[in-house]
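Please look over the sequence and the 3D structure shown below before reading on.

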Amino acid sequence: MTPRIRAHLANLAPVIHGSIGDAELNGLGLGRDQVIDFSVNSNPFGPSPSAVKAAREAAWSHYPDDHATLLRRALAARNDVDERAVVVGNGSSELIWLIALAFLDPGDAVVTVGPTFGEYARATRIADGIVHEYRANATAGFAVDLTTVIERVEAVDARLVFLCNPNNPTGTLLPADDIRTLAQAVPRATVVVDEAYCPFVDDPPPTTPLLDRGNVVLLRSLTKDCALAGLRLGYALAPGDVCSALDRVRPPWSVNAVAQAAGLAAIRDEAHLERARAEVRQARVYLTAALGELGLRVLPSSANYLLVDVGNAAGVRARLLKHGVCVRDCTSFGLPEYVRIGMRPVTDCQRLVAAFAEIDNEIGGG
Ligand SMILES: Cc1ncc(COP(=O)(O)O)c(C=O)c1O
């Protein structure tokens, strides 16, 4: 007899993420190198050459350092915090899951600030918590109404609040003062600020001082800015007792030796990151103007991706794929009219604009 899955997990829905899978490519008769992938939001230049070298040279025949000591020390120095305020994870996704696992009792309320990344809700449900979504309004450009968020957190006595900043997929950014206001207003809750895309923000909000409040956790990903998605690497900055709780529920050796070595090299290569930031900035300006000229509504974004109203996201994505470009259909975010476009070098963006122009007469149609 097959084992019975725990009752609260029986109807757990999968979360859809960006990137195009091999099955879909095969079905279309396309090779991976025939499609320019705008559906992911990573560093358009790939990993730093020094990270690639470090990964090649890493020793992986023995167990990795379970506490990622060298990397943790470097991250602590870089962020000017104590080493005990840093936990490294197998991507920031692992840390989202660990937070839910460590801090939620069955039935605990969690507020998400949506539309947003789906793993906050999934991790909450796996921990048997209850998700209460505040949802920003499309007509207000998805601006977050802080007062309503605070009221929602208080009304359900939430244990956790997940705030993605800048938000995926809308690109909206809350200033550090707003996050402080939120954390101050809801002292019984822990505010988890996912800063996965902050390295691409021109003027990132100075959030590290918020750690002094005690109820703020900052999540950072090294898979986006450092392009280590396949290696999996992220970290949390949090009060020491939070970090030690996360470490207690973390599977052993979850951050492999190759990722630790590559991560250490990657964060030292500031020039590589700066080059990517400059390219992202240029691509964002170009695409906002060029897609706007095609009559598309492009939402202002602080991040390395743009949300674009195309009328029928699934249809437009399918048509663009035939022209060799892939965008992220935002239907799974509850936004079936929007696609999200990750910034790539301007020459790639020109191909995207040409593809949009070719399907132009179909946009908004069935
Ligand atoms: C907002 C956000 N947070 C976290 C993640 C997961 O990142 P990682 O690769 O570090 O697990 C993603 C990935 O798409 C994301 O969009």
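**Briefing on the predicted model**

Aspartate 157 lies in the loop between helix H6 (146-156) and strand E5. The model is a predicted one, and its protein chain contains 12 helices and 13 strands. With a radius of gyration of 20 Å, close to the 21 Å that the globule rule gives for 366 residues, the protein chain is as compact as a globular protein of that length.

**Backbone angles in the loops**

- For aspartate 157 the phi angle is near 50°, which is a positive value in a residue other than glycine.

**Cis peptide bonds**

- Asparagine 165 and proline 166 are joined by a cis peptide bond, with omega at about 0°, and proline 166 lies in the loop between strand E5 and helix H7 (176-185).
- A cis peptide bond also joins asparagine 168 to proline 169, where omega is about 20°, and proline 169 is likewise found in the loop between E5 and H7.

- Helix H5 covers residues 119-126, and its buried residues are Glu119, Tyr120, Ala121, Ala123 and Thr124.

**Aromatic rings**

- A pair of aromatic rings is described by two values, the distance of the centres and the angle of the planes.
- A search of the whole structure finds 5 aromatic pairs.
- One of these pairs is formed by phenylalanine 117 and tyrosine 120, whose rings are 5.6 Å apart centre to centre with 75° between the planes, an edge-to-face arrangement.
- Phenylalanine 117 and tyrosine 120 are both buried.
- Tyrosine 120 also pairs with phenylalanine 162, and because their ring centres lie 4.9 Å apart with the planes at 10°, an angle under 30 degrees, this pair is stacked.
- The pair links distant parts of the chain, since tyrosine 120 belongs to helix H5 and phenylalanine 162 to strand E5, 42 residues apart.
- Taken together, Phe117, Tyr120 and Phe162 form one aromatic cluster.

**Valine 258 in helix H9**

- Valine 258 is found in helix H9, which runs over residues 257-268.
- Its relative accessible area is 16%, and because this is under 20%, valine 258 is buried.
- When residues up to four places away in sequence are not counted, valine 258 touches Ala55, Ala58, Trp60 and Leu231.
- The C-alpha atom of valine 258 is separated by 41 Å from that of valine 310, and these two valines are 52 residues apart along the chain.

**The chain as a whole**

- Along its principal axes, the C-alpha trace of the protein chain spans about 55 × 55 × 50 Å.
- Of the 366 residues in the protein chain, 52% are buried.
- Among the contacts in the protein chain with a separation of 6 or more, 73% are between residues 24 or more positions apart.
- The protein chain exposes about 16,100 Å², and carbon and sulfur atoms supply 52% of that area.
- The protein chain carries 35 positive and 42 negative side chains, and the centres of these two sets lie 4 Å apart.

Conventions: Residues are numbered from 1 along each chain as its sequence is written. This is a predicted model: local features need pLDDT of at least 70, side-chain atom pairs count only at pLDDT 80 or more; totals for chains, interfaces and linings use all residues. Side-chain values use heavy atoms; hydrogens and water are left out. Helices (H or I, at least four residues) and strands (E, at least two) are DSSP runs, numbered from the N terminus. The radius of gyration is taken over C-alpha atoms; the globule rule is 2.2 Å times the number of residues to the power 0.38. Buried means under 20% relative accessible area, exposed over 50%, partly exposed in between (1.4 Å probe, protein chains only). Contact means heavy atoms within 4.5 Å. Accessible areas come from the Shrake-Rupley method with a 1.4 Å probe; for residues, only the protein chains shown count as cover. Lys and Arg count as positive and Asp and Glu as negative; His and the chain ends are not counted. The place of a charge is taken as NZ of Lys, CZ of Arg, CG of Asp or CD of Glu. Rings of Phe, Tyr and Trp (its six-membered ring) pair if their centres lie within 6.5 Å; planes under 30 degrees apart count as stacked, over 60 as edge-to-face and the rest as tilted.
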